[in-house]
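Reader: Before we talk about how the chains meet, could you show me the model and then take me through the contacts step by step?

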Amino acid sequence: MTKQAMQEPTFLILTALAAGPQHGYGIMTDLARISGNRVRLRAGMLYAALDRLRSTQLIDAGRDEIVVGRLRRCYRLTPPGAAELAAETARMRSNAVVATRRLRMLGMGNA
Amino acid sequence: MNDSAALERRYRRLLAAFPAGHRREYGEEMIGVLLASTPEGRRRPRLADAVDLIAGGLRARLRPPRTGLSDANWPDALAVCSVAIPVTLLAALAVNYLWNFAPGYASGLGDFYPPSLALALPPLIALRYRRTAAVVAVAAAAWFWFLLLRSLTVWIDGLEASYCLALLVQVIAVAGSPGPRRAAAILTWKTWLVLCAAGIAMGLASIYHPWVLPTWQAAGLVVAFLAAVVAGLVLSLPKPVAFRLLLLLAIPAVPGTVWVLQFAAAMAGNTARAPFPQLAILPVLLLACVSAVAAWRARHGRGTA
């Protein structure tokens, strides 16, 4: 069965967590930074994505902490999550190599 | 009411768009993130945040419900099961083996000690090589099954079916679980105690044969044993994991329990060997199918999110 390509927010969340465990707000700001502010995930969509990723075991949640009276929980990449991110990165890289080669053939050497 | 409290109250109202389960799991965390990402002095949520929460809530409500077989607790239950079965069986056979040193006792299970030791290998190998561990689990189970079937004078009955099924569940658990490290993270010392105690009780049963007792005494012992194991696991493990583990362990437990009760009843009527009721195999088959699907989904069901 051919696997679907990973959605960009999912890819960026996993990339954010590849740097180490982060809590929700940290992921949100890191994700904007990684994508150069092109992708901004707000709380509703972020937590829907985190829930989906937890249910598929690509990430897991650490212990609950109370920081300044607010609940905070760190999320971290699981080994299957890291493997999935590595596979997706390899897939994107291979596509990019082909695209670059063909663009060069069109004379767009800087692509 | 200050600005922050008014803002929080309005965010909470918007969070009602999400299903209750999602709110329970993430609600407080989301409120923290929403307040942290909103500029100070605002009393009302930004329009973009309100739209995002309502859309996210609707999507969460419209998402197809999980089947129960693909939830994250199954891999944990399988991981615990992959350790629980060998620990329990090894404890049982260790008691049986040690009893051989008692004067005048010979258990007759001597052939089964080596393959029983082999049962401990899959979880140890799975620390590093999961596929190899699954193959070794199949080989150890096949060895055990071969000796068991060779030693039978009549077709398999409930007690032997229990051993065979325990090994089958062990194979499923090793193949489908994230491995013994995960199990070690979940198991508490109380769970280890429950598993060892259950194994020791089973070992003693293999020596004293409680099924020859009067029916009500045999039934009482079986019920007390099962109740103690169920209570011990439920109290010492996270409940969703404990319930799934109990479903997995019920596969080998059902035929053995039915057989002990049948045998005790037959003894009361002076029948040498009780017939095993064929219908008892139905719940076992059903549970085995559920477990196999859960294990398969635990291993392969990770779609791209």
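Author: A salt bridge here is a side-chain nitrogen of Lys or Arg within 4 Å of a carboxyl oxygen of Asp or Glu. Please keep in mind throughout that this is a predicted model.

Reader: With that cut-off in hand, which residue of chain A forms a salt bridge with Glu25(B)?

Author: The closest N and O atoms of the pair are 2.9 Å apart, and the rule asks for a distance within 4 Å. Across the interface of chain A and chain B, the rule finds 4 salt bridges. The partner of Glu25(B) in its salt bridge is Arg54(A).

Reader: Which element gives the most to the side of chain A that touches chain B?

Author: Counting polar contacts between chain A and chain B, with both residues at pLDDT 80 or more, gives 10 residue pairs. On the side of chain A that touches chain B, at least two residues each come from helix H2 (24-34), helix H3 (43-55), strand E3 (70-77) and helix H4 (79-105). With 11 residues, the element that gives the most is H3(A).

Reader: By class, how many nonpolar residues does the side of chain A that touches chain B have?

Author: The contact involves 30 residues of chain A and 33 residues of chain B. On the side belonging to chain A, 8 residues are polar and 8 are charged, while the number of nonpolar residues is 14.

Reader: What percentage of the area that chain A buries against chain B do Arg42(A), Tyr47(A) and Arg70(A) supply?

Author: The area buried between the two chains is about 2800 Å², and carbon and sulfur atoms give 54% of this area. Within the part that chain A buries against chain B, Arg42(A), Tyr47(A) and Arg70(A) supply more than any other three residues, namely 23%.

Reader: Turning to chain B by itself, how many helices does it have?

Author: From the N terminus on, the elements of chain B run α-α-α-α-α-α-α-α-α-α-α-α-α. Chain B has 0 strands, and its number of helices is 13.

Reader: Is Ser236(B) buried or exposed?

Author: Ser236(B) lies in helix H11 (residues 215-236) of chain B. Leaving aside residues up to four places away in sequence, Ser236(B) touches Thr188(B), Lys190(B) and Thr191(B). Because its relative accessibility is 7%, and the class requires a value under 20%, Ser236(B) counts as buried.

Definitions and conventions
Residues numbered from 1 in each chain as written. Chains lettered and ligands numbered in written order. Predicted model: local features only at pLDDT ≥ 70, side-chain atom pairs only at ≥ 80, totals over all residues. Heavy atoms only, no water. Contact = heavy atoms within 4.5 Å. Buried area = accessible area lost by both parts, 1.4 Å probe. Polar contact = N/O pair within 3.5 Å; in protein donor to acceptor, adjacent residues only side chain to side chain. Helix = DSSP H or I, 4+ residues; strand = E, 2+ residues; numbered from the N terminus. Nonpolar A, V, L, I, M, F, W, Y, C, P; charged D, E, K, R; others polar. Buried < 20%, exposed > 50% of the residue type's maximum accessible area, 1.4 Å probe, protein only.
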